[in-house]
Amino acid sequence: MKTAYLDNNILIELEQQNVSIEEIINCIDSNISTFFYSSAHLQEAHEIKGTNSEIKERLLRRFETISSVTKNNYLFHEIKTKEVHRMIEKPDNVYQTITDVKFTQEAMKKMVNNLDENQRNLFRSELNLDITKLNNYSPKDVINQINEKKDLFGGFSVVELIDYAITSFPNNADFGLHNKFAGLFEMLDMIGYWKDKYNEKSNYARLWDSNHAYYASFCDYFISNDKRTRNKANVVYHVFDKKTIVLSYKGEK
């Protein structure tokens, strides 16, 4: 039997009854028996806006959606060992753990917004890559094309650059694969590969895209309606030799 992980945008489609879980299974693989969720779904739920009563109502609805779809099958990332474990846990309990440390999300927002959009555009112009062509390359060829510009990265290949960047972080031995996923997602976007539409939240949202891709790498399928995320995930899976298949809920690559 097969397992699948749904991007947050699919959960919203299910919540709004625009699609059913049966339709998704029929389009993807009739052998899918289990859907998993992660703390990344709850981190995104924490961004829900409204009055206190509206937020409470929307959160309860999200918890119900997650429980209904996944049967509380949860992918837990253990910080100490960097291992991911499968367990049964209710989403409202997981939500409590992500809100216990209140400074974390603001710190993460500051981290991913270190470079403004003008600096990113300047970086892309210096690379001088044909983005239209790059967006149509296979994951392997995307990496090869970027590596041809290694002189602009201090002589480092993509993977070497991420490993080198890790050394600048305190306690870098604990950096973990999930952060490497985030680093490569960020690098691909900075280069312009299936670049996200820029707004004040796009850098932070991409952090959760990479988190979803990371957790999905422990399943047979990663299902997302965001083509930008799907393409970035395919490149990251190629780099880190992950076999997860990436599709939209209609079965589109």
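**Group meeting: a helix pair and a buried loop residue**

Okay, let's start with a pair of helices: helix 11 and helix 13 lie oblique to each other. Keep in mind that this is a predicted model. The angle between the two is about 125°, and their axes are 10 Å apart. For those of you finding them on screen, helix 11 covers residues 177–191 and helix 13 covers residues 227–239. As for handedness, helix 11 makes a right-handed crossing with helix 13.

So which residues make the contact? On the helix 11 side you've got F181, L184, F185, L188 and D189. Helix 13 brings T229, K232, A233, V235, V236, Y237 and V239. Sort that contact by class and you get 9 nonpolar residues, 1 polar and 2 charged.

Next up, a loop residue. N135 sits between helix 8 (131–134) and helix 9 (139–147). Is N135 buried or exposed? Its relative accessibility is 18%, and the cut-off for buried is under 20%, so N135 counts as buried. If you skip the neighbours within four places in sequence, what does N135 touch? That would be G192, Y193 and W194.

Zooming out to the chain, we have 13 helices and 6 strands. There are 253 residues, and 46% of them count as buried. The accessible surface comes to about 13,500 Å², with 49% of that belonging to carbon and sulfur atoms.

One last number, on contacts. Take those with a separation of 6 or more: 73% of them are between residues 24 or more positions apart. Okay, that's my bit.

Notes: Residues are numbered from 1 along each chain as its sequence is written. This is a predicted model: local features need pLDDT of at least 70, side-chain atom pairs count only at pLDDT 80 or more; totals for chains, interfaces and linings use all residues. Side-chain values use heavy atoms; hydrogens and water are left out. Axes are lines fitted to C-alpha atoms, for helices over the stretch in contact, and angles run from 0 to 180 degrees between N-to-C directions. Helices (H or I, at least four residues) and strands (E, at least two) are DSSP runs, numbered from the N terminus. Angles under 35 degrees count as roughly parallel, over 145 as roughly antiparallel, 65 to 115 as roughly perpendicular and the rest as oblique. A crossing is left-handed if the near helix is turned anticlockwise from the far one by less than a right angle, and right-handed if clockwise. Contact means heavy atoms within 4.5 Å. Ala, Val, Leu, Ile, Met, Phe, Trp, Tyr, Cys and Pro count as nonpolar, Asp, Glu, Lys and Arg as charged, and the others, Gly among them, as polar. Buried means under 20% relative accessible area, exposed over 50%, partly exposed in between (1.4 Å probe, protein chains only). Accessible areas come from the Shrake-Rupley method with a 1.4 Å probe; for residues, only the protein chains shown count as cover.
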